[in-house]
2 protein chains.
Amino acid sequence: MFKAKVIVKRRAAILDPQGKAAEQGAKLLGFNNISGTRINKIIEFAVNLADKELAEKEVKEYCEKLLSNPNIEDFEYTLEEAK
Amino acid sequence: MFKAKVIVKRRAAILDPQGKAAEQGAKLLGFNNISGTRINKIIEFAVNLADKELAEKEVKEYCEKLLSNPNIEDFEYTLEEAK
């Protein structure tokens, strides 16, 4: 079994409305030193396979088909053996 | 100036509907080895302060008041000096 950790990020050129909203709130609350807020996703799950190559294949496909939007996002992942 | 990286996670006992949805999609697509998907937030921003203590105070307050919901989420952050 493996534990997978995936980070899905919008590309820098793509607007991040959630980050913008948080930052607008920050300004209203008087935090004036905060800028460039980007909110992205960190995803964790277990992969119930013994073979690392097969596990990686499944993680990659899961990222490409469900966890990210390939038009506007990039992903990176790490796989760690777990008992 | 500092670069802040914050991870905001729902507590384990709190349902994660977004993660459940991704996993349901995974099952439909035939990924049968994936379980326990949790989708959380990773947030990056700049803090335009020279003093680390002040920067930390601002990051903490930003997390508590805007980036997380203290009833169901926990956060952790790292601060890194940047030029």
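Predicted model: local features only at pLDDT ≥ 70, side-chain atom pairs only at ≥ 80, totals over all residues.
**View 1. The largest pocket, lined by residues of chains A and B.**
The space in the largest pocket amounts to about 290 Å³. Its lining comprises 16 residues, and those that lie nearest the centre of the pocket are Q18(A), N40(A), K41(A), Q18(B) and K41(B). At least two lining residues come from each of strand 1 (2–10) and strand 2 (34–47) of chain A, and likewise from each of strand 1 (2–10) and strand 2 (34–47) of chain B. Sorted by class, the lining of the largest pocket holds 8 charged, 4 polar and 4 nonpolar residues.

**View 2. The second largest pocket, with its lining residues from chains A and B.**
About 200 Å³ of space lies in this pocket. Chain A contributes K3(A), A4(A), K5(A), E44(A), F45(A), A46(A), T78(A), L79(A) and E80(A) to the lining, while chain B contributes S35(B), G36(B) and R38(B). Two or more of the lining residues are given by each of strand 1, strand 2 and strand 3 (73–81) of chain A, and by strand 2 of chain B. The lining of the second largest pocket has 5 charged, 3 polar and 4 nonpolar residues.

A55(B) is classed as buried because its relative accessibility is 0%, and buried means under 20%. Apart from neighbours within four places in sequence, the contacts of A55(B) are F2(B), V47(B), L49(B) and L79(B). A4(B) is 51 residues away from A55(B) along the chain, and the C-alpha atoms of the two residues are separated by 9.2 Å.

Conventions
Residues numbered from 1 in each chain as written. Chains lettered and ligands numbered in written order. Heavy atoms only, no water. 1 Å grid on protein atoms, 1.4 Å probe; cavity = no way out; pocket = protein on both sides within 12 Å on 5 of 7 lines; lining within 4 Å. Points joined across faces, edges and corners; volume = space filled by probe spheres on them. Helix = DSSP H or I, 4+ residues; strand = E, 2+ residues; numbered from the N terminus. Nonpolar A, V, L, I, M, F, W, Y, C, P; charged D, E, K, R; others polar. Buried < 20%, exposed > 50% of the residue type's maximum accessible area, 1.4 Å probe, protein only. Contact = heavy atoms within 4.5 Å.
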